Structure formats: structure tokens, C-alpha cells
Amino acid sequence: MKKMTKPGRVLAGGAAVALGASALSMIGAGSAAAADVALEKSFDYDCVVTAGGLGLGNHIVGVLASTTVPETVYPGEEITPRQVNITLTLPELLRQSTALLLQGVEADGVSTNSTVTLTTGGQTTSVAIPELGAGRTPIPQVANEPWIIPASGEVPAITTPDYAVDEVIIGMPPAFDIDATIYKADNSTVPSTLNCTAVSTDLGLGAIAVVDEPVEEPTEEPTEEPTEEPTEEPTEEPTEEPTTDPTTPPADTIIDVNFKLNGQTTIKAGNGKAPLSGKIAAKFNLNKLTFDADMTLNDTKAKLKALGFLPVDADLRFEPQGKVTGDLNGGKLTANSTVGIHIKSIKSFGLKLGGGSKCQTKSPSAIQLKSVGNFDPLAGGKVESTYSIAKLKGCGLLNDILSIFASGSGNKITATLAP
């Protein structure tokens with residue numbers, strides 16, 4: 001991702017949500033002839049978030065835009081630059097995913113294509129917003145701590161269209177994109193993008209009345225004050241309360257995370273080891289930071305030593321029983337699996353000692369893999385486990401003898417998981 005040279009950058013999720021508010025400032029710089037009025041309004045955008053190539057799902061990002069605009073403008077009037085302020089609110093699920101899954105502590109970003117719409121005289125035009133964002137902003141590390149991003153910016157002058165009549169309606173953009181960077185504690189980075197679409201079609205932020213261009217300054221003060229104040233206040237308040245929010249909570253956000261596995265297992269009783277390879281296809285629940293996965297392991301060959309010196313070759317198949325389940329939180333991975341072990345063939349000096357389609361452990365092994373050091377879902381990491389192998393069955397006349405050199409506790413798996 002392109003590195004920004006200005007401090008106007010916002011985090012992964014908020015950077016350019018402010019764009020429409022900025023645009024307002026383009027029109028709302030105000031002229032010397034018109035008093036300013038304050039505008040403030042909130043909008044929601046549905047943003048598809050990707051970080052380091054990992055899809056983090058859809059998230060609703062809120063933006064409160066506030067600025068001042070001139071009360072009136074006239075066609076051809078140039079409106080000078082001014083500052084606009086915004087407050088971004090990012091959802092808890094995005095905070096949790098960024099802080100706990102990706103281990104982010106700060107973030108920044110910038111809108112790449114923000115615009116604003118101006119509607120007047122029956123015509124609508126889009127005006128590009130210059131680079132808009134905020135600098136590195138802390139990501140809350142505590143559950144349910146609000147992730148609120150204050151930001152401000154200045155936009156250049158704009159000329160009121162010559163065809164302006166009645167009013168100029170300022171509109172927020174229907175969609176925009178964001179390039180962002182997530183920073184970890186060691187200052188390493190994860191590039192992120194957001195593709196955002198407005199939730200509502202009502203994107204009006206405010207309007208400025210269009211008046212005739214002034215010809216000359218008044219030469220005298222008005223001689224009369226208005227004789228009457230308005231005589232009536234509105235007589236009724238709205239009779240209906242807003243409808244209640246839906247009671248059904250939204251479904252959990254599930255993303256796909258896939259890894260290749262490479263490593264080895266020791267077989268303590270047989271004084272040997274076997275290489276391991278395979279893959280894991282996980283469905284990760286961003287709401288709960290848990291996953292379930294399908295694991296497949298390739299057939300392998302163990303090199304053992306019976307009685308400490310007799311070479312034995314065993315063709316093995318590790319067969320997972322059901323799903324692998326676990327969690328990944330704050331760089332710590334735990335994966336629980338149950339694996340049956342089948343022995344296709346056991347040979348010594350080319351002589352078959354046992355094995356076959358029915359040769360297997362009497363019960364599957366419970367294997368709990370845990371990360372060694374930090375585990376990054378984008379880069380992977382090292383895992384290990386110590387497990388037991390049950391006694392053998394169905395392995396022929398030498399079944400009980402072969403069990404002595406296969407079964408027992410203290411067997412260790414060391415492996416690397418990588419995308």
C-alpha cells in the first residue's frame with residue numbers, strides 16, 4: 001500500500017467516511033455578505049473490510065458530520081476554504097477483529113475517491129474531495145470500549161455554479177473506498193481496504209439558499225422595525241414514537257482462513273519420527289474469535305528403531321475424526337482435534353511384520369495444538385502438541401509386539417501453519 005506523506009489519514013474503517021462532511025465545507029465556506037449557519041447530521045455506511053488479503057466481512061461505520069455554511073450564496077460566488085469536523089464511530093466487531101485477531105494497536109488511512117454531490121437548477125454534479133483522513137489513531141484494546149475517531153480537514157475554494165437557482169443541495173457520496181494501514185506493537189503493518197456504500201438513499205447533508213448577486217450596499221438604515229411577531233407556535237407534537245429496533249441480533253460474521261501444515265511427529269515408544277503435511281480449511285467466527293475446520297493429513301512413513309537398534313519402516317495414515325475446533329485470541333492459537341492412526345504396513349529389512357486395512361489404534365488420539373509464540377492469521381506460525389497413541393488392533397499375529405513399539409504417551413508434534 002502506498003505510504004501517505006500527509007498526516008491526514010484515518011484508521012481502517014473510518015478514514016474517508018468523513019468525505020461528505022468535507023465536501024460540505026467546500027460549499028459552506030461562507031461569503032462576507034452572508035451569515036454562517038451550523039449543520040450537523042449522522043450517516044451510516046456499509047463497508048466491506050479486507051486486511052492483508054483476509055476478508056473481515058461487512059461492517060456499519062457511522063459518521064457525524066458538522067460544519068458551518070453561509071446562509072445564502074449567489075451564482076458565480078467564490079466560497080473560500082474552511083475546516084470541517086467529523087466524528088467516526090466504528091463497530092465493536094471491527095475493533096475486536098482488528099485488535100485481537102490482527103493484533104493492531106493503531107491505524108490510519110485515506111480516502112482515494114471521495115466526492116460530494118451538488119444539486120441545483122435541475123442539475124447534479126460531483127466534486128472531488130482532496131486527500132482526506134487522519135494520522136495514526138489508537139485502536140482500543142478493551143472489549144466494548146468505543147472506537148471513536150475525531151478528524152478534521154480543509155478543502156479548497158469552490159465557485160457556486162452559474163446556473164444555481166433557489167438552493168444548492170449538498171449530498172454525501174453514495175459510495176467510496178479507503179486505503180488504510182494497521183500498525184502492530186512492533187510497528188509492522190497490515191494493509192487494509194474498505195469499500196463502503198451508503199445504507200440510506202437519503203444523503204442530503206444540508207442546503208444553501210441562492211439569492212441574486214448584490215449590486216450595491218444599502219445607503220441607509222431601514223426606517224421601520226417589523227410591527228408584528230409571529231402569532232402562533234406549532235400546535236401539535238408528533239403523535240407517534242419511533243418504531244422499536246429489531247429484536248433479532250445480526251448473525252455472526254464468518255470468514256474463511258486456510259493454512260498449509262508442515263512438520264513432524266515423534267513416536268516415543270518406537271524411538272523414531274515421521275514427517276507430517278496437510279492442510280486446514282477453517283471457518284472463523286469474528287464475533288466469538290473461535291473456529292471450526294476441516295483438516296486433511298497426507299500419508300506418511302515413520303522411521304523407527306525396535307529394541308533401540310532394529311530399523312522398522314511404518315506406512316501411516318493420520319485420519320482426523322470430525323472437525324478441528326479452537327480459538328485464536330491475541331496471537332494465541334488453540335486447536336483441538338481427534339485423530340485415528342492407521343498402519344498400512346510395518347516392515348523391517350523389507351520383511352512385512354504386520355499392518356493392513358484393519359491395522360489401527362484401538363482409539364483415536366486427542367491432539368491439542370497450541371501456538372509457540374505469536375500466531376498471526378495472515379502469516380501463520382508454529383504450533384506444537386504432546387499426545388498419546390493407543391494400543392494397536394487388527395495388525396496380525398505380531399499385533400501385541402508391534403504395539404510395544406508404537407503405543408504410549410510423550411509423542412510430540414511440531415509443525416508450522418502458513419497460508
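I began at Cys196, which is buried, with a relative accessible area of 2%. The model I am reading is a predicted one.

**Cys47 and Cys196**

I looked up the partner of Cys196: a disulfide links this residue to Cys47, and the two sulfur atoms are 2.1 Å apart. I read 115° about the S-S bond, and the link is right-handed. I then placed both ends: Cys47 is in strand 1 (residues 36–51) and Cys196 is in strand 14 (residues 189–198), so the bond ties together parts that are 149 residues apart in sequence.

**Cys359 and Cys395**

I counted two disulfides in the structure. Besides the pair above, Cys359 is joined to Cys395, with an S to S distance of 1.8 Å. I noted a torsion of about 85° about the S-S bond of Cys359 and Cys395, so this disulfide is right-handed. Cys359 sits in the loop between strand 23 (351–354) and strand 24 (360–361), and Cys395 in the loop between strand 27 (392–393) and helix 3 (399–404), so the pair ties together parts that are 36 residues apart in sequence. I found Cys359 and Cys395 both buried. Counting bonded cysteines along the chain, I wrote down the pattern as 1-2, 3-4.

**Thr117**

I turned to Thr117, which lies in strand 7 (residues 115–120). Thr117 has a relative accessible area of 17%, under the 20% cut-off, so I listed Thr117 as buried. Leaving out residues up to four places away in sequence, I listed the contacts of Thr117 as Thr124, Thr125, Ser126, Ile169, Ile170, Gly171 and Met172.

Note on methods: Residues numbered from 1 in each chain as written. Predicted model: local features only at pLDDT ≥ 70, side-chain atom pairs only at ≥ 80, totals over all residues. Heavy atoms only, no water. Helix = DSSP H or I, 4+ residues; strand = E, 2+ residues; numbered from the N terminus. Buried < 20%, exposed > 50% of the residue type's maximum accessible area, 1.4 Å probe, protein only. Contact = heavy atoms within 4.5 Å. Disulfide = S-S within 2.5 Å.
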